[in-house]
Amino acid sequence: MMTSVDTDLMRVLGDPLRFQIVALLAKETLCTTHLIEETGAKQTNLSNHLKVLREAGVVETEPCGRFTYYRLKPDVIASLAGHFVDLAETARATAEHNVKRSCP
């Protein structure tokens with residue numbers, strides 16, 4: 001069953017730029033400068049989205065000199081993916097058994 005935390009996380013990842021950031025960070029750890037280059041987003045806009053991702057627990061930071069690197073937390077994504085797998089299995093079982101609620 002999906003919790004409010006899961007639905008909040010889905011809302012966070014529902015933004016196209018944040019999803020793009022997550023997809024990029026799945027491939028490698030990047031600093032803000034790299035993310036600006038890759039996404040074409042303005043620095044302030046990107047920083048705001050990174051803040052949302054940090055607060056949601058999707059990414060973690062690693063200071064490196066005057067730069068901050070961002071790393072995806074794969075367990076968070078895996079947990080959310082697990083919920084979608086569960087939904088798909090439930091839907092498959094429902095379809096196989098033709099489960100439907102009768103109308104009043």
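# A tour from the surface patch to the sheet

Select M10, F84 and L87: together they make a nonpolar surface patch of about 270 Å². A patch consists of residues with over 30% relative accessible area and no salt bridge, with like charges joined within 9 Å and nonpolar side chains (Val, Leu, Ile, Met, Phe, Trp, Tyr) within 5 Å. A salt bridge is a side-chain nitrogen of Lys or Arg within 4 Å of a carboxyl oxygen of Asp or Glu. Accessible areas come from the Shrake-Rupley method with a 1.4 Å probe, and for residues only the protein chains shown count as cover.

This is a predicted model, in which local features need pLDDT of at least 70, side-chain atom pairs count only at pLDDT 80 or more, and totals for chains, interfaces and linings use all residues. Residues are numbered from 1 along each chain as its sequence is written, and side-chain values use heavy atoms, leaving out hydrogens and water.

Stay on F84, which lies in helix α5 (residues 74-96). Helices (H or I, at least four residues) and strands (E, at least two) are DSSP runs, numbered from the N terminus. F84 counts as partly exposed because its relative accessibility is 43%; buried means under 20%, exposed over 50%, and partly exposed in between (1.4 Å probe, protein chains only).

Next, select L13, I21, L25, L35, L53, V58 and V59, the residues with the most contacts inside the largest nonpolar core, which has 19 residues. Two or more residues each come from α1 (4-13), α2 (16-27), α4 (43-55) and β3 (67-72). The most come from α2, with five. Such a core is a set of buried Ala, Val, Leu, Ile, Met, Phe, Trp, Tyr and Cys residues joined through side-chain atoms within 4.5 Å.

From there, pick L30 in strand β1 (residues 30-31). Is L30 buried or exposed? L30 is buried, because its relative accessible area is 5%. Beyond residues up to four places away in sequence, L30 touches L24, L25, L35, T68, Y69 and Y70 (contact means heavy atoms within 4.5 Å).

Move to T32 in helix α3 (residues 32-39). T32 counts as buried because its relative accessibility is 17%. Neighbours within four places in sequence aside, T32 is in contact with Q43, L46, L50, T68 and Y70.

Finish on the open sheet, whose three strands run in the order β1-β3-β2 with antiparallel pairing. Strands pair if DSSP finds at least two bridges between them. At the edges are β1 and β2 (59-64), each pairing on one side only. Six antiparallel bridges link β2 and β3; select P63 and its bridge partner in β3, T68, to see a bridge.
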